[in-house]
Amino acid sequence: MNKKYKVPSSFANKAWVDKRKYDELYAWSIEDPIGFWKEHGQCIDWIRPYSKIMDYSFVPPNVYIKWYEDGALNACANCLDRHLDTRRNQIAIYWEGDNPKEKRTLTYGELFREVSKFANGLKKIGIKKGDRVAIYLPMIPEAVVSMLACARLGAIHSVVFGGFSPEALAKRILDCEAKLVITADEGFRRGQMISFKQNTDKALSDKEIKTVENVIVIKHSRNNVPWERGRDFWYHELICDVSEDCPPEAVNAEDPLFILYTSGSTGTPKGVLHTTGGYMVYSALTFKYIFDYKEEEIYWCTADIGWITGHTYGVYGPLAAGATTLLFEGVPDYPDVSRYWQIVESYKVNILYTAPTALRSLMRYGSEPVTRYNRSSLRLLGTVGEPIDPTSWEWYYRVVGEERCPIVDTWWQTETGGIVLSPLPGAMDLKPGSVAKPFFGIKAGLIDKNCDLLEGPGEGSLVLSTSWPGQMRTVYRNHQRFVETYFSRCHGTFFTDDGARRDEDGDYWITGRVDDVIKISGHRLGTAEIESVMTAHPKVSESAVVAFPHKIKGSGIYLFIVLAEGEKPSNQLTKDLKQWARQKIGPIAAPDFIQWTEGLPKTRSGKVMRRILRQIAANQPNDLGDTSTLSDPDVVEDLIKHRLNR
């Protein structure tokens, strides 16, 4: 039986949604989706009211999705203008730099003025509704300003993660046909400089890029950077003599808001396109209900704005709700491993939303770096980005949250726009590692390899059979790829490419990407399941499992292990860990090889880059592809150096 934690009645009694209300609202959203979404579409402000709620088809080749299509609104106005009467002097953004001494604040009034001036600056250089703008910035307030200024004009922003290489940046600029790039002179990470402007110049040296007319540069490091006269503008000079008055552009609900690129296991990055109306409704509603946000709370999403989590739950969701949101340029363990908890104490953070990988990396140092700081302000915790193993969940709950903060373990994707599966903290018991139940309007299911829907408890591929307002509309400039990737596998459903199991209570547990399922002698094993078991061993801090070609079994299990602080590798420990896997899962789960490592290759958003691990496990270290998104590229060299010769 799965372990359960009841949410304290002191929390549940004040939550937006209790169990009775969840059951009622969920039933309404499935039985009468038009009525449900008609009413809940009013959670944001509309310039022109809507009368059409939804129209969609999941059946190839005629796949289309429309929400609130005859309405008009402005995303920026929903984040700023509508709050000015009541929140003009409230802090909208707290910012803390990589250097703990660097701090800034922006009230809603100040953010409104900055965004309006920058939007007028963009107008001055010819940016208008429908133009694509690439944003390549560190985690600084001007990144949010840039997104909102584009939205104010109806321009389509495409944020490119600041860790991407010039080549990766060039591909995204080329695909979205950007007219403008917004960047910074330099950024900081672990006290080291990152050359944003130089990377931008290298990207724009690609002769195939013909659409970029200008580059706007924000002074962050204040060092000298290369300059191209006539093309490049300083941000502060562009906005110094412009008006603060910039009326928001009315855009149709189905007009694009942004393009965000996501990498598949093969092929070029997909330009996931999100439109304005449905995305804003879904962002605002999920933020309010899932994070149980209350007035004047301090909310911190640790994700970079280069990822969808940073868009939906770092910018649009919290600002639409009138929240105070925290931006952090740095990393969890710099200048020391207490950095997260220092920030929680300093800003009195109430809601913390972070990645399991960050938690696992901090767990290895024990509880003392956490408990030396006051975390009494925390009321709710959240996780995102990958399945969380029960051991990490328990540590988060007991050590960080002091056994009083519910945890919302959320599942969603760039493609879904917002959270799709998650506990609602006042309505559901919490199970370590479970993403619980679907959000309102979401009809989730499991299918087997024959595309047959499974009933009751079981395990299979996760599919979604109803549309929701935050759903992506297409792959930019490649609708056929959208249809083939998400709707061609199983008739009438959105195929998520994730595996899941459903327990006897109807709760869902994500087992990992479908391509992260290892088939051993005809048996399917989810990598997340094996990793959860291995991380539960008292001598293990982190683990990652990949398949490698095996002559007899088809695939074997290759296990990468980061040991807990103070532990050392040994032949005996290798035997113990293999026996541990046999004992906890079965002989089929015993790893064939164990490689000790000091760290795993992770993106800055905290995800383990399994593609690299698979190449190393397959003895193909010379074909690792683009590693520019890694937070610490030196990890890869160490992994290759110490890989097992087989």
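**Notebook: strands and rings in the predicted model**

I began with Ala134, which stands opposite Val181 in β8. I worked on a predicted model in which local features need pLDDT of at least 70 and side-chain atom pairs count only at pLDDT 80 or more, while totals for chains, interfaces and linings use all residues. Residues are numbered from 1 along each chain as its sequence is written, and side-chain values use heavy atoms, with hydrogens and water left out.

**Entry 1: strand β6**

I noted that helices (H or I, at least four residues) and strands (E, at least two) are DSSP runs numbered from the N terminus. Two strands pair if DSSP finds at least two bridges between them. β6 and strand β8 (residues 180-184) pair in the parallel sense over four bridges. Four bridges also join β6 to strand β7 (residues 156-159), again parallel, and in β7 the bridge partner of Val133 is His157. From β6 the chain crosses through helix α7 (residues 141-153) to β7, and this β-α-β crossover is right-handed (with the strands pointing away from the viewer, the path from the first strand over the helix to the second runs clockwise).

I then checked burial in β6 (residues 132-136), where five of its five residues are buried (under 20% relative accessible area; exposed is over 50%, partly exposed in between; 1.4 Å probe, protein chains only). Arg132, Ala134 and Tyr136 point one way from β6, and Val133 and Ile135 the other way.

**Entry 2: the seven-stranded sheet**

I recorded an open sheet of seven strands in the order β5-β4-β17-β16-β18-β19-β20, with mixed pairing. β5 (103-107) and β20 (407-409) stand at the edges with a single partner strand each, so one side of each has no neighbour in the sheet. Strand β4 (residues 91-96) runs parallel to strand β17 (residues 324-328), joined by four bridges; Glu96 stands opposite Phe328 in β17.

**Entry 3: aromatic rings**

I found 49 aromatic pairs in the structure (rings of Phe, Tyr and Trp, the last by its six-membered ring, with centres within 6.5 Å; planes under 30 degrees apart count as stacked, over 60 as edge-to-face and the rest as tilted). Trp37 and Trp67 form an edge-to-face pair, 5.9 Å centre to centre with 80° between the planes. Trp37 lies in helix α3 (residues 33-40) and Trp67 in strand β2 (residues 64-67), 30 residues apart. Both Trp37 and Trp67 are buried.

Phe291 and Tyr313 form another edge-to-face pair, at 5.6 Å centre to centre and 65° between the planes. Both Phe291 and Tyr313 are buried.
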